[in-house]
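Have the sequence and the 3D view open as you read.

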Amino acid sequence: MTKDIQPTVKTKLRRLPKRGSYYRELIYGILDEAFICHVGFVVDGQPFVIPTAYARVDDCLLIHGSAASRMLRALASETEVCVTVTLLDGLVLARSAFHHSMNYRSVVVFGKASIVQDEREKLDALHAFTEHNIKGRWQDVRPPNENELKATMVLSLPLQEASAKIRTGQPVDDEEDYTLNIWAGVIPLHLTTGKPVADEKMKDGILIPEYVSKYERCQS
Ligand SMILES: Cc1cc2nc3c(=O)[nH]c(=O)nc-3n(C[C@H](O)[C@H](O)[C@H](O)COP(=O)(O)OP(=O)(O)OC[C@H]3O[C@@H](n4cnc5c(N)ncnc54)[C@H](O)[C@@H]3O)c2cc1C
């Protein structure tokens, strides 16, 4: 795979293109750090945008769920899909209401998904979902049984048509507004972990794994 994803008519940024990137490593970094994506698709002329979990394996974005899910059934039938992922990094407070903004890293992916049929690949995908959320967990959990595997549909969307957009830094105010007596700047926002809460039904004597007690989200 190439270092850069080739921009297309759909992914070419028109609005503030200097904030855009097609650098594969950067796009994958955003995908690997975020937890949820929003999946946009149209069924019978009605657009839907559904938030869901995902994982990236190599050059594919994987989505999974119940085989009865409308979203999964629609995607499995070769529907065009648009998936977005957003990391919010800060609130940007400008001197004017107009120039207020947000710092972010976001990705938009277009394409058609296909069902992962192969049992081995499906299991690898479920491994990827678990590890995407918390590295080290898969080795400790009971693996999916045959029924659970059957009930789960996994879809794979190739990362061939994708873009990233990133905003960083301070507000950009109108020149004359810099003399105003108004606080301006950035409030950084981060996702933080709380203290893990053990399940009351857990057997006695089970030690908290390090990947839980020392959990940190940022994987990059
Ligand atoms: C947290 C957050 C807050 C935002 N707030 C606002 C706001 O209040 N108002 C506003 O106008 N815009 C906002 N944006 C930017 C917004 O996502 C769009 O980039 C912008 O509105 C331009 O849309 P467009 O359809 O004209 O883009 P175009 O440049 O026409 O889009 C062309 C292609 O560029 C790519 N692209 C566009 N936007 C993004 C993106 N964000 N990430 C990755 N690829 C992208 C896609 O492939 C898209 O198909 C925000 C973005 C984020 C992540």
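## Ligand contacts

A polar contact here is a pair of N or O atoms within 3.5 Å; within protein, one must be able to donate a hydrogen and the other to accept it, and residues adjacent in sequence count only if both atoms are side-chain atoms. A polar backbone atom of Arg-14 lies 2.7 Å from an oxygen atom of the ligand. Ser-163 uses its side chain instead: an N or O atom there is 2.8 Å from a nitrogen atom of the ligand. On its own the ligand has 870 Å² of accessible area, and the protein covers 57% of that (Shrake-Rupley method, 1.4 Å probe).

This is a predicted model, in which local features need pLDDT of at least 70 and side-chain atom pairs count only at pLDDT 80 or more, while totals for chains, interfaces and linings use all residues. Residues are numbered from 1 along each chain as its sequence is written, and side-chain values use heavy atoms, with hydrogens and water left out.

## The shell around the ligand

The ligand is surrounded by 16 residues, and the closest are Lys-10, Arg-14, Ser-106, Ser-163 and Lys-165 (a residue is near if one of its heavy atoms lies within 4 Å). By class, the shell has seven nonpolar, four polar and five charged residues. Strand β7 gives the most, with six residues (strands are DSSP runs of E, at least two residues, numbered from the N terminus).

## The largest pocket

The largest pocket holds about 430 Å³ of space. A pocket is an open set of points on a 1 Å grid over the protein atoms alone, where a 1.4 Å probe fits, with protein on both sides within 12 Å along at least five of seven lines; lining residues have an atom within 4 Å of a point. The volume is the space filled by probe spheres set on the points.

There are 18 lining residues, and Glu-33, Leu-87, Leu-88, His-190 and Leu-191 are the closest to the pocket's centre. Strand β6 provides the largest share of the lining, six residues.

## An open sheet

Four strands form an open antiparallel sheet in the order β4-β5-β9-β8 (strands pair if DSSP finds at least two bridges between them). Because β4 (55–57) and β8 (114–115) are at the edges with a single partner strand each, one side of each has no neighbour in the sheet. Two bridges join β8 to β9 (residues 152–158), and Ser-114 has Ser-156 in β9 as its bridge partner.

Conventions:
Nonpolar A, V, L, I, M, F, W, Y, C, P; charged D, E, K, R; others polar.
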